[in-house]
Amino acid sequence: MQYITTIASYIYNSFVTYNINFIDVLEILILAWLIYKIMGWIQSTRTFMLLRGILVIVAFLLIAQLLEMNAIIWIVKNVASVALMAIVVVFQPELRRLLEELGRNNIFQVVNLGGRTTPEGKFSDKTMQGIVKACTIMSQAKTGALILIENVQKLTDYVETGIEIDAVVSMQLLVNIFEHNTPLHDGAVVISGDRVVAATCYLPLSEDMSVSKELGTRHRAALGASENTDALVIVVSEETGAISVAEEGELVRDITPDQLLERLSLFRRREAPQEAKKEKRRTRLVNKWKERKQDEKPQRTAEQTEN
């Protein structure tokens, strides 16, 4: 109770000292919400990787400023305006998509009060079993397949290149999509949560020159997608029927259905980086609270003995 009183007194004194009114509080809340939304949008797209590169450059420039590297500082000052234009060009697709989403959604969707507008990104046991069964059947029939399973980073860039489906994942649906001589068999299928979002999606090919020449376009596309996103990509070879999995730029070839089920299970249990940090922070606070309670018990016992 004492801690609550202290915090309340501190907040009240801050309002009185700095003459904070309701408009100031509202402005702070709006700015905090905007920063939170922008950071969440950045982290769920490829913009996060580009932003990390920019932060590295900024850190280098700060070091140059501290060490008084005059030549580098002069160059930066003269190309600053060009660099700002280059940043706008680099982030143009992401900025355009953000503005389109703001214009497309109503106010409740924008502030996220009307419920989630996108799937959770994790899938159920039924979906996992359906994917494994479909890959097993296509492997036996040597039917080529390419499946992207969304994680934290949204796969909107790839979904927009294909045909929207929005159907529940099932073994029959996946097998029918990749069946030969069907309109949707060419390209990749994108799965988000328990739903097939789109089919016939085009993926970027991997530019890694060390990739084996034995691999065809489908496997190179799987590697390319895994290099640019945090998705799990499943490939079924049309020539050999072998099942392969690409993740984080690495391709594991010729795995069994049981191994595929295990990879999917591990992928589903993987926490998002921000969620893992929140869990660690929560655990640390709980441990501190328990330690403080344990320290208070001897003090209370000593006070009761004195009384």
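This report walks through a predicted model, from its confidence to its sheet, its helices and its cores.

**How confident is the model?**
Let's start with the pLDDT values. The chain has a mean pLDDT of 77, with 69% of its residues at 70 or more. Residues 106–121 fall below 50, and this stretch makes 16 contacts in the model beyond near neighbours in sequence. Residues 272–277 are also below 50, with 4 contacts counted in that way.

**The sheet**
Now look for the strands. Seven of them, that is 7 strands, form an open sheet with mixed pairing, in the order β2-β4-β3-β1-β5-β6-β7. At the edges sit β2 (163–168) and β7 (250–255), each of which pairs on one side only. On average, neighbouring strands are turned by 20 degrees against each other, direction ignored.

| Helix | Residues | Strands touched | Angle with β5 |
|---|---|---|---|
| α7 | 125–141 | β1, β3, β5, β6 | about 25 degrees |
| α10 | 217–228 | β1, β5, β6, β7 | about 175 degrees |

Leaving aside neighbours within four places in sequence, His 219 touches Val 235, Ser 237, Ser 244 and Leu 251.

**The nonpolar cores**
Next, find the largest nonpolar core, which has 28 residues. The residues with the most contacts inside this core are Ile 131, Ile 149, Leu 174, Ile 234, Leu 260 and Leu 264. Several elements give two or more residues to the core, among them α7, β1, α9 (171–177), β4 (195–201) and α11 (257–269). Which element gives the most? That is α7, with 6 residues.

Apart from neighbours within four places in sequence, Ile 234 is in contact with residues including Ile 131, Cys 135, Ile 147, Ile 149, Ile 243, Leu 260 and Leu 264. Leu 146 is another of the contacts of Ile 234, yet Leu 146 belongs to a second, separate core of 16 residues. That second core also includes Ala 198, Leu 203 and Ala 221.

Methods: Residues are numbered from 1 along each chain as its sequence is written. This is a predicted model: local features need pLDDT of at least 70, side-chain atom pairs count only at pLDDT 80 or more; totals for chains, interfaces and linings use all residues. Side-chain values use heavy atoms; hydrogens and water are left out. Two strands pair if DSSP finds at least two bridges between them. Helices (H or I, at least four residues) and strands (E, at least two) are DSSP runs, numbered from the N terminus. Axes are lines fitted to C-alpha atoms, for helices over the stretch in contact, and angles run from 0 to 180 degrees between N-to-C directions. Contact means heavy atoms within 4.5 Å. pLDDT is the predictor's confidence in each residue, from 0 to 100. A nonpolar core is a set of buried Ala, Val, Leu, Ile, Met, Phe, Trp, Tyr and Cys residues joined through side-chain atoms within 4.5 Å. Buried means under 20% relative accessible area, exposed over 50%, partly exposed in between (1.4 Å probe, protein chains only).
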